[in-house]
Amino acid sequence: MVIHPVIVIGAGPAGIATAVEVINRGYKAEDIVILEKSGEIAHMIAAKYPDEKPVLANYKERMAECIGDLCITDMSKPEFIDYLKQVVAKKKLAINFHQSVEKIVKLKNGQWRVDCGEDSWITNVVFVAIGTMSAARTLGVHIDTQIAHLVQDDIQSIKKEQDYVLVVGGGDSASEYAQILCQRGHKVWLSYRKDTFARMLPQNVEKLTALIDEKKVNFLPNSTITKITAKEDHCSVQFKTLPAINVHAVVTALGSDRPKAYLDKIGISVEKENGDDFQENEQGGIFLVGDLASGKKGGSINFAFNSGTKAVSKACSLYLDCDA
Ligand SMILES: Cc1cc2nc3c(=O)[nH]c(=O)nc-3n(C[C@H](O)[C@H](O)[C@H](O)COP(=O)(O)OP(=O)(O)OC[C@H]3O[C@@H](n4cnc5c(N)ncnc54)[C@H](O)[C@@H]3O)c2cc1C
C-alpha cells in the first residue's frame with residue numbers, strides 16, 4: 001500500500017489551509033490525501049451561511065492576524081467560496097469527496113491507517129479538520145414530531161411564505177439570522193435566555209438593537225422554551241414564564257460542541273486540555289485543527305487558517321521531513 005505523508009480529514013477552511021501549508025513546506029499535492037464527507041469544499045459554510053451574510057474577517061473576538069498563506073478580509077459568501085476554490089486550483093489539491101472516515105488505527109510501526117468504506121490509506125500524520133457543526137446544540141425540549149421539521153438550525157430552508165419565524169440564541173449568528181429574516185420580509189421573534197447581548201460583535205448588537213427599537217424584531221429576553229407543540233401546521237412555542245407564541249418556523253443559533261461521540265467512534269481520544277490553536281492526541285501524530293480546537297471561545301475562518309498553519313509547523317518538527 002502506498003504511504004501518504006499526510007492525510008487531511010475535512011475540506012473546510014482548516015483542512016484546506018493545512019494542505020496548503022504542507023505544500024508550502026516542500027511536499028507535493030499528491031503526497032496529501034484530503035477526505036471530505038460532502039460533495040463540495042467548505043460544505044458547512046456553503047450550506048449554513050445565509051447567502052446574504054457578510055463573511056467577517058474578525059469574528060467572535062478572533063482578530064484577523066494571519067500567520068500563513070491564507071487570510072481573508074471582509075467579503076461576501078460567494079467571494080469566500082471562490083477564494084477557496086482558487087486556492088484549491090492553484091495548489092492542485094485533489095479532494096476525495098463523499099468520504100467519511102470510519103476508523104483510524106495506530107500501526108505497530110507508529111504509522112496510522114485511515115479506513116473509509118472499502119478504502120484505506122496509510123500515513124505518518126493525520127490532520128482532523130471536520131469542524132463542529134455535526135454536533136450543533138439543540139433546544140433539548142419536547143417537539144411534536146409533525147412539526148419537528150420546522151425547528152432546525154438552517155436559515156436557508158426558511159421559505160418565503162413562512163411569515164412568522166422565531167430565532168433562538170444570543171450570539172452573532174442569532175443577530176445575523178434576525179437581520180436577514182427581517183430583510184427577507186419575515187416577522188421575527190427572538191428568544192434569548194439572557195437580557196443583554198454580551199457575546200456579540202458590536203456591529204451585530206447595534207443592528208439588532210435598532211431592529212428591536214423599530215419593533216421589527218420582537219425580543220423575548222430572559223425566555224426559556226419548555227416545549228414546542230403542533231397547532232394546525234404551526235409551531236406553538238411554550239415558555240417557562242411567558243405566554244406561548246405561534247410561529248411558522250423556529251431557527252436555532254445555539255452554537256456547537258466538539259463531536260466527541262464521532263471522534264471516539266473512529267478512535268481519536270484527545271485527553272489534553274485545549275491548546276491555543278490546535279491539539280494533538282495522546283499517542284501523537286493526530287492533530288485536531290480549526291473549530292475542533294477552538295474551545296469555548298469558538299472559531300473563525302482566519303483562526304482555522306492559523307490553526308492549520310501552526311499544526312503543520314509542529315508536525316514538521318516531529319513527524320515530517322520539512323522545516324517547522
Ligand atoms: C452561521 C455561522 C456564521 C459564521 N460567520 C463567520 C464569519 O462571518 N466569519 C468567520 O470568520 N467565521 C464565521 N463563522 C465560523 C466559521 O465558519 C468557522 O469557524 C470555520 O468555518 C471553521 O472552519 P473548519 O475548517 O474548522 O470547519 P468547517 O468550516 O465546519 O469545515 C469542516 C469540513 O469538514 C467536513 N466534514 C465534516 N465531518 C466530516 C467527516 N466525518 N469526514 C470528512 N469530512 C467531514 C465538512 O463537510 C466541512 O467541509 C460562522 C459560523 C456559523 C455557523
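## Helix H7, end to end

Helices here are DSSP runs of H or I with at least four residues, strands are E runs of at least two, and both are numbered from the N terminus.

This is a predicted model, in which local features need pLDDT of at least 70 and side-chain atom pairs count only at pLDDT 80 or more, while totals for chains, interfaces and linings use all residues. Residues are numbered from 1 along each chain as its sequence is written, and side-chain values use heavy atoms, with hydrogens and water left out.

H7 is mostly covered, with 14 of its 18 residues buried. Buried means under 20% relative accessible area, exposed means over 50%, and partly exposed is what lies in between (1.4 Å probe, protein chains only). At the start of H7, a side-chain oxygen of Ser 300 comes within 3.0 Å of the backbone nitrogen of Phe 303.

## Around the ligand

There are 32 residues around the ligand, and Glu 36, Tyr 49, Lys 53, Leu 56 and Asp 291 come nearest. To be counted as near, a residue needs a heavy atom within 4 Å. By type, the shell splits into 18 nonpolar, 10 polar and 4 charged residues. The nonpolar set is Ala, Val, Leu, Ile, Met, Phe, Trp, Tyr, Cys and Pro; Asp, Glu, Lys and Arg are charged, and the others, Gly among them, are polar. Helices H1 (13-24), H2 (43-48), H4 (172-183) and H7 (301-318), along with strand S3 (54-55), each supply at least two shell residues. H2 gives the most, with 3.

Now for the polar contacts, meaning pairs of N or O atoms within 3.5 Å. An N or O atom in the side chain of Tyr 49 sits 2.5 Å from a ligand oxygen, and a polar side-chain atom of Asp 291 is 2.6 Å from a ligand oxygen. The protein covers 95% of the 1,000 Å² of accessible area that the ligand has on its own, by the Shrake-Rupley method with a 1.4 Å probe.

## Salt bridges across the chain

Side chains of opposite charge can pair when their charged atoms come close. The whole structure has 10 salt bridges, each a side-chain nitrogen of Lys or Arg within 4 Å of a carboxyl oxygen of Asp or Glu.

One of them joins Asp 51 to Lys 77, with the closest N and O atoms 3.0 Å apart. Asp 51 is in the loop between H2 and S3 and Lys 77 is in helix H3 (residues 77-90), 26 residues apart. Lys 77 is buried, at 6% relative accessible area.

Another pairs Arg 184 with Glu 52 at 2.7 Å between the closest N and O atoms. Arg 184 lies in the loop between H4 and strand S12 (187-191) and Glu 52 in the loop between H2 and S3, so this pair ties together parts 132 residues apart in sequence. Arg 184 is partly exposed at 27% relative accessibility, and Glu 52 is partly exposed at 37%.

Definitions and conventions:
Polar contact = N/O pair within 3.5 Å; in protein donor to acceptor, adjacent residues only side chain to side chain.
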